[in-house]
Amino acid sequence: MTVEFWFLIGAALVFWMQAGFAMVETGFTRAKNAGNIIMKNLMDFCIGTVVFSILGYGLMMGEDTFFGLIGKPNLDLFTHFKEFIASPADGFTGASYFVFNLVFCATTATIVSGSMAERTKFSAYCVYSAVISLVIYPIEAHWIWGGGWLSQIGFHDYAGSCAIHMVGGIAALIGAAVLGPRIGKYKTDSAGKIIKVNAIPGHSLPLGALGVFILWLGWYGFNGAAATSASELSSIFLTTTIAPAVATCTTMIFTWIKNGKPDVSMCLNASLAGLVGITAGCDALDAFGAVIVGIVSGILVVVIVEVLDLKLHVDDPVGAVGVHCANGVWGTIAVGLLANPDTPAGLSGLFYTGDFKQLGLQLIGFVTVAAWSAVTMFCFFKILKKIDFLRADAADELSGLDISEHGLPSAYADFMPSVDKYAEFGTGEHIVAVTGTTPVAEAVPVRREPTFGEHKFTKVEIIFKEEKLYALKDAMAKLGITGMTVSHVMGYGMQKGHTEFYRGVAVETDLRPKVQVDIVVTAIPVRDVIETAKKVLYTGHIGDGKIFVYDVENVVKVRTGEEGYAALQDVE
């Protein structure tokens, strides 16, 4: 009872990982798609539960048939419920096995969501998520965990580097490649050749980081739920902690050296990459093996993410392929290389014993499972694309899938929509057609008012760094200026000689928070205002600020109705 209780607690932790995946994907993409991404991560579990209970669970855990290729489908969950929840003399109840395998199945499906984010029809996502949970995952998982042919020959994948992460990662890679990149991700010349890669930063790294911490916590259940002794569980917790920590440190150092600064989003990916890498061998590797897995994972995730984006031009917004596919493969092979006979699994890795047998078995498992998932998912995605069911329309993609797919103006109702909502990165091939009939003169009216009074009014608009606001305010007060309008704005432009990187891609234009101060003066010399502002704001660095000077035709004080010079006076 105690062991089965932990088994179910572990399953609950794995379910909680759905929240982690949702937060990572939401944070690494743009705000205009946040609601769509939340909906996808909710529905892949809910749809997966339905189809897995009807057929998927039987294919995975049913009586072995067809030479270890599939389980025999059954509906015992519905037709023999009493027996399904009864405690057997050995092992766990059928209900416990069902819940445990269900949450793992849902993880496989949700991996695909991230790589195809921001341009996939919601209906298409529901369909291919169902297919993964119905057929793709259950069959290969039967080979590994359901008594199928791979488990019979000794292939080892304790918690799913191969069965879950590699399969989900392969589906993510094929899906992203077949679907094509987001609008504006790659700039092409007249011949269609890609000449430039654009960075599209996610809208909330804090959300992404929260997701990573949730996933790391859930991973202790992911890897440890099947442990049957304190020694085995503690060994799994140890390796599950070391590998991602080392991977994150490795990526931090690697990107620091490579780009001049440590990359935050890549380090978040690295934590997940280390967790994926240790998953297959969490019970078979010792502490030193976990360190090696972490080092390789930390470098591998950066290399794969950048090669996909910069060389192969496959648009993967969240790094799902680098995290899950590449490190799922690495984690599977690492068992054959680094398994220590003294660990709970008792396997013989090449580096410890000189025995090639386990490595050969791991390679067989990797190749066959990869072939199954690649062929089936490629055919399926191609069919969806052929019938024009896969990709959202260009206009819907540009406006955001929240509004087009779900009628949701913004996932953040109390905030303004994302400033880059309609950003097209200068591409002209996706311009949305004009559909209204209102003439330009009426839709965008221009009106000039007459000049009032004899005094000259001048508006000085100053845009500068936020930290200089109070220094400027005090300096203006000393000049006799007692009123100003202060706004938070986003500065957009390219700073010469100052290149930052997002996930290995140069960010040439950047949106940075600034403060805009508007002052209208008449008695105080405008040149005094300008020179004072320059003196306060100047630091000698690019981006100190800009000052704009405008003529103002009139000023009206709303409360008293005074106009012109009188409206600017504080004295009643």
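Biologist: How does G346 count at 38% relative accessibility?

Modeller: Residues are classed by relative accessible area: buried is under 20%, exposed is over 50%, and partly exposed lies in between (1.4 Å probe, protein chains only). At its 38%, G346 counts as partly exposed. Residues are numbered from 1 along each chain as its sequence is written, and side-chain values use heavy atoms, with hydrogens and water left out. The model is predicted, so local features need pLDDT of at least 70 and side-chain atom pairs count only at pLDDT 80 or more, whereas totals for chains, interfaces and linings use all residues.

Biologist: Where is G346 found, and which residues is G346 in contact with, leaving aside neighbours within four places in sequence?

Modeller: Helices (H or I, at least four residues) and strands (E, at least two) are DSSP runs, numbered from the N terminus. G346 belongs to the loop between α13 (320-338) and α14 (350-353). Contact means heavy atoms within 4.5 Å. With those neighbours set aside, G346 is in contact with N340 and P341. From G346 to M476 the C-alpha separation is 75 Å, across 130 residues of sequence.

Biologist: Is D402 buried or exposed, and which residues does D402 touch?

Modeller: D402 is part of helix α17 (residues 401-406) and counts as buried, at 1% relative accessibility. Not counting residues up to four places away in sequence, D402 touches A31, K32, N33, A34, G35, N36, G407, L408 and A411. Another buried residue is C126, whose relative accessible area is 18%. C126 has its place in helix α6. The C-alpha atoms of C126 and M43 are separated by 7.3 Å, although these residues are 83 apart along the chain.

Biologist: How many helices and strands does the chain have?

Modeller: There are 20 helices and 10 strands. The C-alpha atoms fill a box of roughly 100 × 55 × 55 Å, taken along the principal axes. Of the 572 residues, 49% count as buried. Among contacts with a separation of 6 or more, 76% involve residues 24 or more positions apart.

Biologist: How many aromatic pairs does the structure hold?

Modeller: Rings of Phe, Tyr and Trp (its six-membered ring) pair if their centres lie within 6.5 Å; planes under 30 degrees apart count as stacked, over 60 as edge-to-face and the rest as tilted. The structure holds 20 aromatic pairs. In one of them, F15 and F45 have ring centres 4.9 Å apart and planes at 65 degrees, which means that the pair is edge-to-face. Because F15 lies in helix α1 (residues 2-27) and F45 in helix α2 (residues 34-61), the pair ties together parts that are 30 residues apart in sequence. F15 is partly exposed, with a relative accessible area of 39%, whereas F45 is buried at 16%. For W219 and F222, the ring centres are 5.4 Å apart and the planes stand at 45 degrees, so this pair is tilted.

Biologist: Where do W219 and F222 lie, and which cluster do ring pairs link?

Modeller: W219 and F222 are 3 residues apart in helix α9 (residues 205-224), so about one helical turn separates them. W219 is buried, with a relative accessible area of 0%, and F222 is buried at 2%. Ring pairs link F7, F92, Y97, F100, F104, W145, W219 and F222 into a cluster.

Biologist: Which residue lies over the face of Y125?

Modeller: A charge sits over a ring if NZ of Lys or CZ of Arg is within 6 Å of the ring centre and within 35 degrees of the ring normal. K40 lies over the face of Y125, 5.3 Å from the ring centre. Likewise, K459 has its charged end over the ring of Y550, 5.6 Å from the centre.

Biologist: What is the angle at which the axes of α5 and α6 cross?

Modeller: Axes are lines fitted to C-alpha atoms, for helices over the stretch in contact, with angles from 0 to 180 degrees between N-to-C directions. Helix α5 (residues 94-115) and helix α6 (residues 122-145) have axes that come within 10 Å and cross at roughly 135 degrees. Under 35 degrees counts as roughly parallel, over 145 as roughly antiparallel, 65 to 115 as roughly perpendicular, and the rest as oblique. The helices α5 and α6 are therefore oblique to each other. Residues of α5, including F104 and T108, meet residues of α6, including Y125 and Y137. The axes of α2 and α6 come within 8 Å and cross at roughly 40 degrees. That makes α2 oblique to α6 as well.
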